[in-house]
Each structure stands twice: as structure tokens, then as C-alpha cells.
Amino acid sequence: MADQYDLVVIGSGPGGYVCAIKAAQLGLKTAVIEKRATFGGTCLNIGCIPSKALLYASEVLSEADHKLKTLGIDVGTAKLNLPQMMAHKDETVKSNVEGVAFLFKKNKIDTFHGEGRILGAGEVEVTADDGAVQTVAAKNIVVATGSDVAGIPGVDIEFDEKIIVSSTGALELEKVPAHMVVVGGGVIGLELGSVWSRLGAKVTVIEYMDKILGGMDGDVSKQFQRMLSKQGLQMKLSSKVTGVESTDKGAKVTYEPVAGGDAVSIDADVVLVATGRRPYTDSLGLESIGVKLDRIGRVEVDGHFQTNIDGVYAIGDVIAGPMLAHKAEDEGMAVAEILAGQAGHVNYDVIPSVVYTAPEVASVGKTEEELKEAGIEYKAGKFPFSANGRARAMLATDGFVKVLADKKTDRVLGVHIVGHSAGDMIHEAAVLMEFGGSSEDLGRTCHAHPTLSEAVREAALATFAKPIHM
Ligand code: FAD
Ligand code: NAD
């Protein structure tokens, strides 16, 4: 048996690798077990990073077609070189996963390649690809095994990752499909649907709910849907997919109106099924040691990320909460601090969420619908990018900022942005909310001119006074 560790982390995604680095920085003897050939988990290998490489590249192609002429730049007709675009994506992934390996070495973190299985508190068995088995002893174990594709409950879908694909296959297509049907108008469906639409595919999104991006603020979802429709994505809302099958020519998707009615079938060259992800705990041995899971298979933890078994903790996609890389990272840091005797904590009220389309969608805190449902009296201030000087200069006038503040205390409760760089702008709202700031604090803070962020200030001004530029 190897030396005893203070901490063994199972899984090297954003939750696991950040947890391990933080623990090592705090002086804990730390090891990581990872079954994938490279570190970084879903996010770096088949999620956040490769999707953003393709989103960026396809956005540049689309801008070359739609914006450059107006800006006075004549480059002729832009042409797609898909193998090179994929090479850019692969290179981006490579440099990121190698970066994690470098950080593990730098922080003297031991690594074990293989599948981890918890034998009991303090003991993890690792089975390597070649079948070799070893046991690793640890005072504490953090489960950071993430999530996997959920599919559609009750619908038998055979993912071949070429014609019927999950997000993983949609990041690897060798040619642009003539018609891509996307099942699910959530984050993955809209991000990857946008990529293939910009690269030339006809894209049809079939969504169960009566709106896209279900959890987002209603105004945002409505306006964003109009924008995507203008970009060419076709939306079939309030439609439940009941079948996805391969055919001689490609695939067939069957759906029916949620309100009831006849089923309809639609042909596709590629079907992307993006109907959510499930917590991944396969082969971990949790049941045999008695770790409690909730009704949908997530590992149950207390406020300190500890399971019902002493010394076994869990973080990231495998526990409750939004399946986001930065949420997993924050939990990783917090649990490492707790294990080192410090006061680790995650503020779940202030976790930003970003959809990296063009324009981007970003949000933090409560939506207007959530405030109404909770019976909280609020004021709303809104400001469009069409009235922002910098946005005009950048041909980025689509979208708006909305600030929601408590009617009595003026404390900011939610900020929602649709627009260019929304994902970067959202952080001034997050910092403000972390410090319990008011919309007057935001509206009275000097913002550099000309910046897109001035729209955030103007929306704040609109909650208690009047915006200047409208
Ligand atoms: P994961 O990243 O899933 O890592 C878990 C790791 O554990 C994996 O490497 C797995 O191989 C390993 N593992 C599992 N079981 C074992 C075992 N028994 N033994 C050893 N190793 C094991 N989130 C964002 O915030 N922003 C984005 O832009 C974004 N884009 C996304 C795009 C796509 C296409 C997808 C699919 C997801 C995206 N996400 C994004 C979500 C994000 O990837 C996840 O929230 C994040 O990866 C969760 O981190 P994690 O550490 O909990 O788990
Ligand atoms: P999602 O939950 O965001 O969206 C799934 C959509 O599929 C929902 O709108 C749902 O109503 C719909 N749906 C479910 N069953 C259906 C059916 N039978 N017919 C039609 N529609 C159906 O899930 P996702 O897009 O797969 O993403 C999974 C997770 O990955 C999310 O939790 C997200 O947080 C994370 N992610 C985040 C980012 C980001 O932060 N930018 C990017 C990609 C993924």
C-alpha cells in the first residue's frame, strides 16, 4: 500500500483539480485519482474549453461574413476550413489539460491513473487500464466524479457519436451536417446549435418547455429566442421528443405537442441530444459503503460537503446545485479549506451563469419570476445596448442589461444581461452582490467611458433615478 495521504481526490475535473491544488497549498499531502487519460474532467476535455474554442472560431467566421464589410474591412469571402478549426480546438484542450498536469507537479500532488473505488472510509482501490490494482490510503476522500449525459428518460437512444450525438460527438463532427436537429433548448443545445448553424447547417431546436433556457429570466429568454431565430435557428417549443432513431439516410426524431396532439417526425443528418446531465457515480462503490444518494442519484452532503460517512466528502456536478465548472471549483476550494481547519464556504446566491453564444447571456441572482413567486417586492431597471456608444462603435447593439433590486432596501437581488461580453460584465454585479451592495452603489460608481459596462450602471440608475442616455 502507498503512503497514507491527508486527502485523496477521485476525479480531476474543475472540482477535483482545484480542490487538490488548494489542499496542497494548505500543506495537506494530496493525491488525485483520474480514469481518463488526461486531467481536467468533462470541462477541459469535452465541455467548457473545446466548446468555447469552436464558439469563438465560428463567431469569427460569422462576423467575417456579417460585420467586416460595414467596418470597412474587405477580406473577400470567408471560407470554412473545418479540420483547421478542429485542430485549434484540440490544441486549446491540449494546452489546458497539460496545464493541470503541470500544476499537479508544481504542487507536489501524486497522481494515479485508473478507476477509483472506495473500499471504506480511508481506503480507495485504483484499477489501471491494464487491470493492475493498488490501494491508496487517505484520512479523507473527496468524490469529484462529475456528471455524464442523461439522455431522455424512457426513450431508448443509441448514441453513435457520429449521427446521433451527445455534446461529445457534436464537438468532433467531421463535416457540417445539412440539417442538425437539436433536442433540448438548454445551454448545450443553444451553444453547440449556434456553432453548427454558423458553420452552415440548418438547425432545428426542439424544446419541451414553452421557452428556451428554462431557468433564465423571462425577458432574457424571450429576447434571446428572437435573436437566435434571426440568426437562422428554428425553434419548436412546447414539443416533447419521444423517439430518436437512425435511418438509412441519417436519423429521425419524433416529437409531440406537450399539450397533447399527434406525433410528428422530422429527418436529420445529425441529431444532438442535449437534454441534461446526470451525476456520475458508476463503479465508485458508494452503495456498498452506505453513502446516501438523493432521489436523482446525487451524493447527499451537509454544509461542509461531508457525506453521511465520516471522512468521505463530495463536490461538483455529483452533488446538488447548478452543474457549472466554477461552482465545482468553489466547492473544491471550500472543502480543502475545511479539511485544513479553515472556514471554507460557498455563497450559492451569487453564482453567475453564462451562455457563450453571440450575443452572450449572463445572469447572477434571482430572476423576476423568482422574485414574484417569493412575494418579494422589487424594482427593475433596464438599459438597452442600442443606447450605448461603445456598443454602436462595435456593431454590438443587440441586447440589454436588467437590474433587479429590493424595493425597500435597494439591495441588488439579480442582474441579467444579453449582449456582447455579457459573461465578463456580469462579474461587477457578482462582486457588488457578494458585498450586499445596492443599486444606488452601482449607479453612483464611476464607470469608464466608452465601455459596454456603462450599460450596467445605467440599468442600475434606472432602478432609483433615471438613466442619462435614454
Ligand atoms: P467533471 O469535470 O465531470 O470531472 C469528473 C472527473 O472524474 C472526470 O475526469 C472523470 O473521468 C473522473 N472520474 C469519474 N469517476 C471516476 C472514478 N471512479 N475514478 C477515477 N476518476 C473518475 N460549465 C461552465 O461553468 N461553463 C461552461 O462553459 C461549460 N460548458 C460546458 C460544455 C459542455 C459541452 C458540457 C458537457 C459541460 C459544460 N459545462 C460548463 C459544465 C462543466 O463541464 C461541469 O459543470 C464541470 O466539468 C463539473 O466539474 P466536476 O469536477 O464536478 O466534474
Ligand atoms: P439543460 O438542463 O440546460 O437543458 C436541457 C433542455 O432539454 C431543457 O430545456 C429541457 O426542457 C429539454 N428537454 C428535456 N427533455 C426533453 C424532451 N423529451 N424533448 C424536448 N426537450 C427536452 O441541459 P444541457 O443543455 O444538456 O446542459 C447540461 C448541463 O451542462 C447544464 O446543467 C449546464 O449547466 C451545463 N453546461 C453549462 C454551460 C455554460 O455554463 N455555458 C454550457 C454547457 C453545459
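In which strand does K402 lie? K402 belongs to β21, which covers residues 400-406; helices (H or I, at least four residues) and strands (E, at least two) are DSSP runs, numbered from the N terminus. The model is a predicted one, in which local features need pLDDT of at least 70 and side-chain atom pairs count only at pLDDT 80 or more, while totals for chains, interfaces and linings use all residues. Residues are numbered from 1 along each chain as its sequence is written, chains are lettered from A and ligands numbered from 1 in the order in which they are written, and side-chain values use heavy atoms, with hydrogens and water left out.

K402 has a relative accessible area of 1% and is therefore buried. Buried stands for under 20% relative accessible area, exposed for over 50%, and partly exposed for what lies in between (1.4 Å probe, protein chains only). The side chain of K402 makes a polar contact of 2.4 Å with the side chain of E368. A polar contact is a pair of N or O atoms within 3.5 Å; within protein, one must be able to donate a hydrogen and the other to accept it, and residues adjacent in sequence count only if both atoms are side-chain atoms. With neighbours within four places in sequence left aside, K402 is in contact (heavy atoms within 4.5 Å) with D217, D219, E368, G381, K382, G414, V415 and H416.

Helix α10 spans residues 368-374 and contains E369. The relative accessible area of E369 is 36%, so this residue is partly exposed. Apart from residues up to four places away in sequence, E369 touches M216, D217 and G218.

By residue class, the lining of the second largest pocket has six nonpolar, eleven polar and nine charged residues. Here Ala, Val, Leu, Ile, Met, Phe, Trp, Tyr, Cys and Pro count as nonpolar, Asp, Glu, Lys and Arg as charged, and the others, Gly among them, as polar.

P359 sits in the loop between β18 (353-355) and β19 (360-365). Another cis peptide bond links H449 to P450, with omega about -5 degrees. The loop that holds P450 runs between α13 (439-443) and α14 (454-464). Most peptide bonds are trans, and most residues other than glycine have a negative phi.

E161 has a positive phi, near 60 degrees. It is in the loop between β7 (147-149) and β8 (164-165), and E161 is partly exposed at a relative accessible area of 28%. L395 also has a positive phi, of about 55 degrees.

Ligand 1 has 39 residues around it, and E34, T42, K52, G116 and A325 come nearest; a residue is near a molecule or strand if one of its heavy atoms lies within 4 Å of it. A polar side-chain atom of K52 is 2.7 Å from an oxygen atom of ligand 1. Polar backbone atoms of P14 and C43 are each 3.4 Å from an oxygen atom of ligand 1.

Around ligand 2 there are 21 residues, of which I188, E191, E207, G276 and V354 come nearest. A polar backbone atom of G276 is 2.9 Å from an oxygen atom of ligand 2. A nitrogen atom of ligand 2 lies 3.1 Å from a polar backbone atom of Y208, and a nitrogen atom of ligand 2 lies 3.0 Å from a polar backbone atom of V241.
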